[in-house]
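Keep the viewer open and follow along.

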Amino acid sequence: MKKLAAPLLCGVMLTGMLGLGGCAPVRERTRYTMALALSPETRTLTGEMTVDVFNGWDNAREELSFQLWANAYREGALHAPVSELYAPAAYYAGESYGGIAVEEVQGARSFAVTGEDENILRVVLEEPLYPDERVSLSVCFTVTLAEVNHRLGIGENAVMLAGFYPVLCADGVTERLPAAVGEPLAAEHADYDVTLTLPQSYTAAFTGTGERTEQGGTAAYHVRAQGVRDFAMVCSETFRVYEGSSCGVPVLYYSLCDEAPRETLAAAEESLAFHAQTFGEYAYPAYTVVQADLPVSSMHFPMLSMLAGDLRAEELPPAAVHATAHQWWYAMAGCDRYAQPWQDEGLAAYSCALFYDAHPAYRKTYADCVGQAERAYRAFFSVWSQLGEAESTVMSRPLGGYAGEYEFLSVTRDKGLILFDRLQTLSGQKKTLAALKEYVARYRLTDAPPEVLVACFAQKSAYAEGIFSSFLEGTCVI
Ligand SMILES: [Zn+2]
């Protein structure tokens, strides 16, 4: 009995403390505590946030930078958050603006809203923050929500709340400009304790686990999430909620308009189970899929996937399969989807191709997915090579290096799938999956940049590094 007691205790304690299924080392993380009040009528979200910053970096910090993604929606912003292609549909009521006002920062010497596009809150600390030390800052802010179908805004059927609060920049200092293609939000893993009040007629789907109480026409949610890179919510008066589970993890689906909601939920459950079995256990205690007002088919947040409310019934299950893959490629193994978006998109395209091969009911094989990606990428390349765009084949570039959605998806998703298919052809599927399993296990709930992914493959195959570099630098012929 004694021999069994220790590992069992370890598993139980970590499950309770972190929501993890295994005995991963406990990492110190930054903690956000927020009290939020949403008023859809006045298009405002007020917040009182205490951020307990942990210096997990190599050097001391005298200043800290926080990203103000919400300011991309303000009038006069230099970098639009919505691409030109999608803007007419996204701004359903015509021009509309939002933004964030930071009213107060306590616990700091001074603060200023700065950056090239008012996209940064810079805080001067009272004293240097050394590695392994913590500093606590309190921030009061008010977000004005634009009328827009996007990750942050009042949509036609729901209120989307992602990227609404000042979030610590990577390394405390790496400032980023808003980007209209892809998904720019990519903070370091942190812990969250959030209270949201809103009119009682609204239901909220969120990152994390929590409970709802009601009093005097107001509903309050108290939500906790650990080891997540972001905190997001979607609120609506018209959700229908469906409950399921996968590998013992509760899976919730908040639907706005879905003729076959059970099929969408089943796709999320199957994708979660497949990825857990193939690449390593899901790290969180719950998973939520929610329909939202979006101009793109899906957006991905830790423990929470948003699917566009206007997708057709047959489009929703594949969108759920893909979105769920990002729980491994971005949320858990911390790909930097701003600096190297090929990484999470390519991995998601590859793992979904494997998923379809293992699930004949979707009537799409792995070979179909790769063939489709090759045809799409070659069609893209034939157009772009005539335009003489030297950058068009380089995968290693940030979101800002893409001119639009077509180029972005062709290079990150299509070429990304082709890259991982070529690696699989070279090393065999067994070694490829072993490399990815090791990648997820070693970089679970922490940063997982391209070099560590390449290193996991390089251990299995002498040629892997060459394949990666020829794809990333754009020198290989497809
Ligand atoms: Zn994706």
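## Two helices side by side

In which sense, left-handed or right-handed, does α3 pass α4? The crossing is right-handed; a crossing counts as left-handed if the near helix is turned anticlockwise from the far one by less than a right angle, and right-handed if clockwise. Before going on, note that this is a predicted model, where local features need pLDDT of at least 70, side-chain atom pairs count only at pLDDT 80 or more, and totals for chains, interfaces and linings use all residues. Residues are numbered from 1 along each chain as its sequence is written.

Helices (H or I, at least four residues) and strands (E, at least two) are DSSP runs, numbered from the N terminus. Helix α3 covers residues 261–279 and helix α4 residues 316–325; their axes come within 8 Å and cross at roughly 30°. Axes here are lines fitted to C-alpha atoms, for helices over the stretch in contact, and angles run from 0 to 180 degrees between N-to-C directions. That angle makes α3 roughly parallel to α4 (under 35 degrees is roughly parallel, over 145 roughly antiparallel, 65 to 115 roughly perpendicular, the rest oblique). On the α3 side the contact includes Ala-267, Ala-268 and Leu-272, and on the α4 side Ala-320 and Val-321 are among the residues involved; contact means C-beta atoms, placed from the backbone, within 7 Å. The contact residues split into eight nonpolar, four polar and one charged. Here Ala, Val, Leu, Ile, Met, Phe, Trp, Tyr, Cys and Pro count as nonpolar, Asp, Glu, Lys and Arg as charged, and the others, Gly among them, as polar.

Now jump to α7 (residues 405–427) and α10 (residues 464–472), which pack at about 160° with their axes 10 Å apart. That makes α7 roughly antiparallel to α10, and their crossing is right-handed. From α7 come Lys-415, Leu-419, Arg-422, Leu-423, Leu-426 and Ser-427, and from α10 come Ala-464, Ile-467 and Phe-471. By type, the residues of this contact are six nonpolar, one polar and two charged.

## Strands

There's an open sheet of four strands, ordered β5-β6-β3-β10, with antiparallel pairing; strands pair if DSSP finds at least two bridges between them. β5 (108–114) and β10 (167–168) sit at the edges with a single partner strand each, so one side of each has no neighbour in the sheet. Six bridges link β5 to β6 (residues 120–129), and Ala-108 has Leu-125 of β6 as its bridge partner.

Elsewhere, β16 (residues 240–246) and β17 (residues 249–255) run antiparallel, joined by seven bridges. The two form a hairpin with two residues between them, and Cys-247 in the turn has a positive phi of about 50°. Ser-246 stands opposite Val-249 in β17.

Arg-43, in the loop between β1 (30–39) and β2 (44–54), isn't a glycine, yet its phi is positive at about 55°. Asp-132, in the loop between β6 and β7 (134–144), also isn't a glycine and has a positive phi near 75°. Buried or exposed? Asp-132 counts as exposed, with 10 C-beta neighbours inside 10 Å, while Arg-43 is partly exposed with 17 other C-beta atoms within 10 Å. (Buried takes 20 or more other C-beta atoms within 10 Å of the residue's own, exposed 12 or fewer, partly exposed in between, with C-beta atoms placed from the backbone.)

Note on methods: Two residues are in contact if their C-beta atoms, placed from the backbone, lie within 7 Å.
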